[in-house]
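Visitor: I would like to learn how to read the features of a model like this one. Please take them one at a time.

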Amino acid sequence: MRVLLVEDDDGVGDALAEALAARGHLPTRVRRGADALTRHHEADLVLLDLGLPDTDGLEVLRMLRKVADVPVLVLTARGDERSVVRGLRLGADDYVVKPVRLAELLARMDTITQRAAVRSSLTALTHVVQVSDVEIDMAARRVRAGGDEISLTTKEFELLAVLARRLGTAVSRQQLMDEVWGDAYLAISRSLDVHMTQLRGKLKRPGLLTTIRGFGYRLGE
Ligand code: CA
């Protein structure tokens with residue numbers, strides 16, 4: 001599996017990357033918390049150290065969980081109960097205290113990615129999302145409203161698809177930016193608004209896309 005290894009200690013990082021590669025995994029090593037927030041898309045699993053040079057790992061986890069449900073295994077020297085509980089509550093799938101036993105780490109990685117695979121295969125079963133008289137075909141990337149095909153740009157379709165996957169649920173601006181532009185914390189908020197306005201104009205269903213002030217958007221009646 002593709003593993004994003006967020007670890008600033010070269011000794012630990014190199015040894016771990018080498019051990020993972022030797023077991024057939026594809027590790028990518030980064031040193032900063034900020035890298036975890038921009039590169040998690042490339043990974044099936046994130047191994048997250050907590051003592052990082054730029055942002056504390058728990059803060060990285062909190063920000064990551066606002067936008068992504070990629071499996072995260074915290075791997076840290078911090079073994080006090082308070083940190084473990086905080087890590088799990090913030091959405092870590094597992095928490096392992098260093099020094100790590102490699103066989104145990106590999107077993108835990110397998111367990112959490114298997115659970116994630118079951119979750120995502122359930123989501124993938126829904127190919128066409130229907131809301132009011134609008135049909136969104138996720139696989140074919142086509143949208144019909146009242147039976148008429150609507151021509152959307154790539155970004156407009158992706159925005160709609162992110163909202164459609166969470167039909168009836170408020171989706172944050174960060175989550176939309178993360179999934180469509182690949183960076184939740186980039187200064188492109190204006191671009192999101194512009195694309196959303198275009199999308200609304202094309203759908204011509206004003207009640208269907210609701211702005212949640214100060215948070216984001218929701219698709220649904
Ligand atoms: Ca560290």
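Visitor: Which residues coordinate the calcium ion, and at what distances?

Guide: Donors are N, O and S atoms within 2.8 Å of the metal (3.2 Å for Na, K and Ca); water is not among the atoms, so sites may look incomplete. Here the calcium ion is coordinated by Asp-8 (OD), Asp-49 (OD) and Gly-51 (O), at 2.2 to 2.4 Å. The spacing of these donors along the chain is D-x40-D-x1-G. Helices (H or I, at least four residues) and strands (E, at least two) are DSSP runs, numbered from the N terminus.

Visitor: What conventions lie behind these values?

Guide: The model is predicted: local features need pLDDT of at least 70, side-chain atom pairs count only at pLDDT 80 or more, and totals for chains, interfaces and linings use all residues. Residues are numbered from 1 along each chain as its sequence is written, and side-chain values use heavy atoms, with hydrogens and water left out.

Visitor: How many helices and strands does the protein chain have?

Guide: The protein chain has eight helices and 12 strands. Its C-alpha atoms fill a box of roughly 60 × 30 × 25 Å along the principal axes.

Visitor: Which residues of the largest nonpolar core touch the most other members?

Guide: A nonpolar core is a set of buried Ala, Val, Leu, Ile, Met, Phe, Trp, Tyr and Cys residues joined through side-chain atoms within 4.5 Å. The largest one has 28 residues, and Ile-136, Val-143, Leu-176, Met-196 and Leu-219 touch the most other members. Elements giving two or more residues to this core include strand 7 (134–137), strand 8 (142–145), helix 6 (154–165) and helix 8 (189–203). Helix 6 gives the most, with seven residues. A second, separate core has 23 residues, among them Ala-43, Leu-52, Met-63 and Ala-92.

Visitor: What does Val-143 touch?

Guide: Contact means heavy atoms within 4.5 Å. Not counting residues up to four places away in sequence, Val-143 touches residues including Ile-136, Ile-150, Phe-157, Leu-160 and Leu-203. Glu-135 is also among the residues that Val-143 touches.

Visitor: Where is Glu-135, and how exposed is this residue?

Guide: Glu-135 is in strand 7 and counts as partly exposed, at 36% relative accessibility. Beyond its neighbours within four places in sequence, its contacts include Val-128, Gln-130, Arg-142 and Arg-144. From Glu-135 to Gly-57 is 78 residues in sequence and 41 Å in space, C-alpha to C-alpha.

Visitor: Is Asp-94 buried or exposed, and what is in contact with Asp-94?

Guide: Asp-94, in strand 5 (residues 94–97), counts as buried because its relative accessibility is 14%. Apart from neighbours within four places in sequence, Asp-94 is in contact with Val-72, Leu-73, Val-74, Leu-88, Arg-108 and Ile-112.

Visitor: Where is Gln-114?

Guide: Gln-114 is in helix 5 (residues 102–124) and is exposed, with a relative accessible area of 54%.

Technical notes: Buried means under 20% relative accessible area, exposed over 50%, partly exposed in between (1.4 Å probe, protein chains only).
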